[in-house]
Amino acid sequence: MSVENDGKSAALAESWLGNLNDVKNGMAIVLGTCVGGGIMLDGHLWAGSRRLAGEVSLMPADQTNLADDGLFGKTGSAVRMIEAVNTVIGASCLTDGHCAFAAINAGQAQATQIFRQYAREVAALILNVQTVLDLDRYVIGGGISFQPILIDEINRQYDWILERRPWVKSTIARPEILSSRFHNDANLYGALYRLFNKLDAKHDVPIDLDNLLVNAGR
């Protein structure tokens with residue numbers, strides 16, 4: 001048996017066969033109910049002395065708010081953002097992500113405002129990590145990472161922050177920010193990779209996961 005949490009599993013999956021495969025120093029960020037994180041340093045998962053590295057949900061986002069709402073786990077919650085959008089557009093189901101992104105992609109004013117602020121929170125989180133770890137690439141996972149507008153807006157907001165902080169812009173390297181390859185399934189593939197390592201199986205051979213998925217669905 002092998003056990004790993006979702007953020008670290010996502011990082012393993014993306015490093016194994018995903019969008020961190022060619023990157024020695026990178027991070028997977030999973031946007032869901034809270035924010036999961038997994039860090040790869042020099043090609044290896046960095047778990048920390050107590051296996052708590054990457055727990056970015058607990059990082060303070062608002063120094064004036066010492067409640068849980070002031071943590072990135074709340075301000076970076078995709079679920080909370082979707083509920084907020086659906087509330088302002090009057091959707092019948094507050095948890096309907098497709099409905100929320102239909103409004104966002106259509107440019108509905110209130111939905112867009114909420115979405116941009118959300119993307120800025122994620123961008124601020126990435127910048128905070130970047131000032132400490134100097135990583136080359138961040139990949140964004142979770143169900144909402146299927147939406148191309150999300151990655152575009154996070155990149156836009158990251159640059160918006162840098163333009164207003166020239167000292168940071170001139171000092172800290174600007175990393176790549178991409179979608180993860182496996183999106184909401186990264187944790188599953190990462191858990192599989194962890195198990196392969198546990199069993200000392202030959203896990204580093206090329207595998208056609210798309211073909212495996214098709215066959216598994218038969």
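Helices (H or I, at least four residues) and strands (E, at least two) are DSSP runs, numbered from the N terminus. The model is predicted: local features need pLDDT of at least 70, side-chain atom pairs count only at pLDDT 80 or more, and totals for chains, interfaces and linings use all residues. Residues are numbered from 1 along each chain as its sequence is written, and side-chain values use heavy atoms, with hydrogens and water left out.

**View 1. Helix H4 crosses helix H5 at roughly 100°.** H4 spans residues 97-105 and H5 residues 109-133. Their axes come within 8 Å. Axes are lines fitted to C-alpha atoms, for helices over the stretch in contact; angles run from 0 to 180 degrees between N-to-C directions. The two helices are therefore roughly perpendicular (65 to 115 degrees). H4 supplies Phe-101, Ala-103 and Ile-104 to the contact, and H5 supplies Ala-111, Thr-112 and Phe-115 (contact: heavy atoms within 4.5 Å).

**View 2. Helix H5 from end to end.** H5 has 25 residues. From first C-alpha to last, H5 reaches 36 Å, close to the 36 Å expected at 1.5 Å a residue (expected span: 1.5 Å times one less than the number of residues). At the start of H5, a side-chain oxygen of Gln-108 comes to within 2.9 Å of the backbone nitrogen of Gln-110. Asp-134 follows H5, with a positive phi near 50°.

**View 3. Arg-116 lies in helix H5.** Arg-116 is partly exposed, at 45% relative accessible area (buried is under 20%, exposed over 50%, partly exposed in between; 1.4 Å probe, protein chains only). Leaving aside neighbours within four places in sequence, Arg-116 contacts Glu-153 and Gln-157. Gln-157 is 41 residues from Arg-116 along the chain, yet their C-alpha atoms are separated by 7.6 Å.

How values were computed:
Angles under 35 degrees count as roughly parallel, over 145 as roughly antiparallel, 65 to 115 as roughly perpendicular and the rest as oblique. A polar contact is a pair of N or O atoms within 3.5 Å; within protein, one must be able to donate a hydrogen and the other to accept it, and residues adjacent in sequence count only if both atoms are side-chain atoms.
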